Every structure is written in C-alpha cells, then in structure tokens.
Amino acid sequence: MDNEKKSRLFFLQKEKRLRHKNFIIRAFLVVLIAGYGFFFTSSLWGKQDVIQATPYAKVITDHDRDMTLDTWKYDEAQNLMEVQISIQNNAMDGYDKYTYKAIDREHGFLSVDPILETADLVVLQFHVQPSWQSLSVQIYFPDEIADGDFRSFYMNRAAVQSVDKIETLTETGYRIEKYERDITYTEDAIKDAQAEIEDNNERIRTYEQEIQAIQNDLIYQTAREQENSQHLIDTATSNIEQLNRDNTSIEEEIKEDQEKIEMLKKRLNDLEETEK
C-alpha cells in the first residue's frame with residue numbers, strides 16, 4: 001500500500017512538473033510570436049505616438065492606380081470597422097484582384113472580411129479590440145503588377161467616423177453611399193476653392209494699396225529712392241498677375257467640380273431608380 005501511495009505521488013508530481021513546463025513553453029511562444037509581429041509591422045508605424053490618419057477623398061497614385069479612402073466607419077457596440085476604398089486602374093491591364101490585411105498597432109494582425117470586391121470599389125469589414133488606438137489597412141497589388149508591394153491606409157480614434165450601427169449593404173447600396181459621399185466631398189472642395197480665391201483677392205487689394213501709396217510718394221523721392229520704389233512696384237505688380245492666374249486656374253477647377261457634381265447626381269438618381 002505504501003508503494004502504491006509513493007507511486008501515485010510520484011506520477012502526480014511528474015504531471016505537475018510537465019504542466020508547469022508546458023505553461024512556460026506556451027508563454028514563451030506567445031511572447032515570441034508577439035515580438036515577431038511587432039518587429040515585422042513596426043516599420044509600418046514609424047516613431048509617431050499618434051498615427052496620422054489617411055485623409056478622406058485624397059487621391060493616392062501607385063502602380064498606375066488611383067486609390068482613395070472614401071470612408072472608415074466604426075461601430076463601437078459591435079467593435080466593427082468598415083473601410084471603403086475606391087480604385088481606378090489607369091493602366092486598364094485587367095489586373096484588379098487585390099489582397100487585404102488589417103493591423104492593430106497594439107494587438108497585431110486582424111481577420112479581414114472583404115464584403116465587396118469590384119474593379120473600382122472595395123468594402124472591407126473587420127473586428128477590433130475595444131482598446132484600439134491606431135489601425136492600418138494594406139492593399140497588396142496583384143503579383144503581375146508588383147509582387148509583394150502594397151499601399152497602406154491609416155486610422156486613429158480622432159479621425160474615424162463613428163456610427164450607431166454598421167449594416168452590410170448590396171453593391172448598389174454601397175455605390176449610392178459612395179456617390180452621396182462624393183457629392184459632399186466635391187461640394188466641400190468647391191467651398192475651399194472659393195475661399196482661396198477670396199484670400200487671393202484680398203492679397204491683390206493689399207498689393208494695389210501698397211502700389212498706390214508708393215506712387216503717391218514718388219515725387220518726394222531722390223532718383224535712387226525712385227529706382228528702389230519702382231522695383232517694389234514691379235514686384236507687387238508681378239505678384240498680382242500671378243494671383244490672377246491662380247484665380248483663373250481655381251475657377252476652372254470649380255467649374256469642373258460643378259460638372260462632376262451634376263454627373264454624380266445623375267448616377268445617383270439612376271441607381272436609386274433601380275433600388276425602387
């Protein structure tokens with residue numbers, strides 16, 4: 001009986017040591033994998049404490065593709081992200097199949113669900129940890145175009161578009177959202193352009209006043225002073241001419257954007273008709 005107790009105690013102690021050893025091995029592997037994940041993704045983030053979010057509606061050109069972050073939504077109740085990206089393949093080479101990855105700066109890689117994949121519009125969804133702070137989505141280009149190369153889009157809590165609920169839509173539904181959003185972005189661009197023209201006009205008025213003041217003072221100046229004054233007048237006049245050219249260019253951009261809005265409204269109306 002004593003031998004049986006000793007044998008049982010021996011096996012219990014051995015099993016305990018094995019469990020402890022397995023725990024240490026598993027803990028080591030977790031730390032090792034996390035370390036490798038941080039090492040291989042750290043170059044994506046740089047040394048910034050707060051990651052700068054990719055601007056919405058800004059065209060990024062890479063490998064003959066214009067890529068635009070349309071929206072990045074966050075449903076806090078579901079801890080769910082939805083990212084919509086427009087892609088214009090200017091090469092028209094037929095290679096429109098991309099691979100997607102998402103990374104949480106603190107928690108590593110995330111599982112991405114491509115909700116919509118077309119040649120010109122991509123919608124991705126993925127879940128995040130409630131404590132997330134900085135995220136990155138990578139779009140890997142087709143191997144035929146650039147094997148292993150990718151374009152990153154970044155987001156932080158301050159810039160993300162918080163919504164009450166993310167609902168998965170049909171392709172038509174997502175395109176309706178896109179055109180509505182594009183109209184808003186274009187209207188905002190027109191307002192910014194108009195403000196720039198007004199700012200240029202204010203600078204022109206200031207230059208004109210300075211020129212007038214210098215001209216009024218010419219009769220009281222020596223020949224050398226008049227020569228310096230004329231140089232100031234010529235410089236101000238050149239600046240006015242450049243500002244006028246800038247305004248002309250901006251006005252042309254505004255006209256183009258106004259036409260773009262009309263076409264977007266037509267597209268939107270046609271899509272809405274198909275949804276009825």
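Biologist: Which residue in E7 stands opposite proline 114?

Modeller: Leucine 124 does. The model is predicted, so local features need pLDDT of at least 70 and side-chain atom pairs pLDDT 80 or more, while totals for chains, interfaces and linings use all residues. Residues are numbered from 1 along each chain as its sequence is written, and side-chain values use heavy atoms, without hydrogens and water.

Biologist: How many bridges join strand E6 to strand E7?

Modeller: Strands (E, at least two residues) and helices (H or I, at least four) are DSSP runs, numbered from the N terminus. Two strands pair if DSSP finds at least two bridges between them. Here 4 bridges join E6 (residues 113-117) to E7 (residues 121-127), and the strands run antiparallel. They form a hairpin with 3 residues between them.

Biologist: What does serine 249 count as by relative accessibility?

Modeller: Buried means under 20% relative accessible area, exposed over 50%, and partly exposed in between (1.4 Å probe, protein chains only). Serine 249 counts as partly exposed because its relative accessibility is 34%. Serine 249 lies in helix H4 (residues 223-275).

Biologist: Which element supplies the largest share of the lining of the largest pocket?

Modeller: A pocket is an open set of points on a 1 Å grid over the protein atoms alone, where a 1.4 Å probe fits, with protein on both sides within 12 Å along at least five of seven lines; lining residues have an atom within 4 Å of a point. Helix H3 (171-217) gives the largest share, 7 residues. Of the 24 lining residues, the closest to the centre are Ser86, Gln88, Lys178, Asp182 and Lys260.
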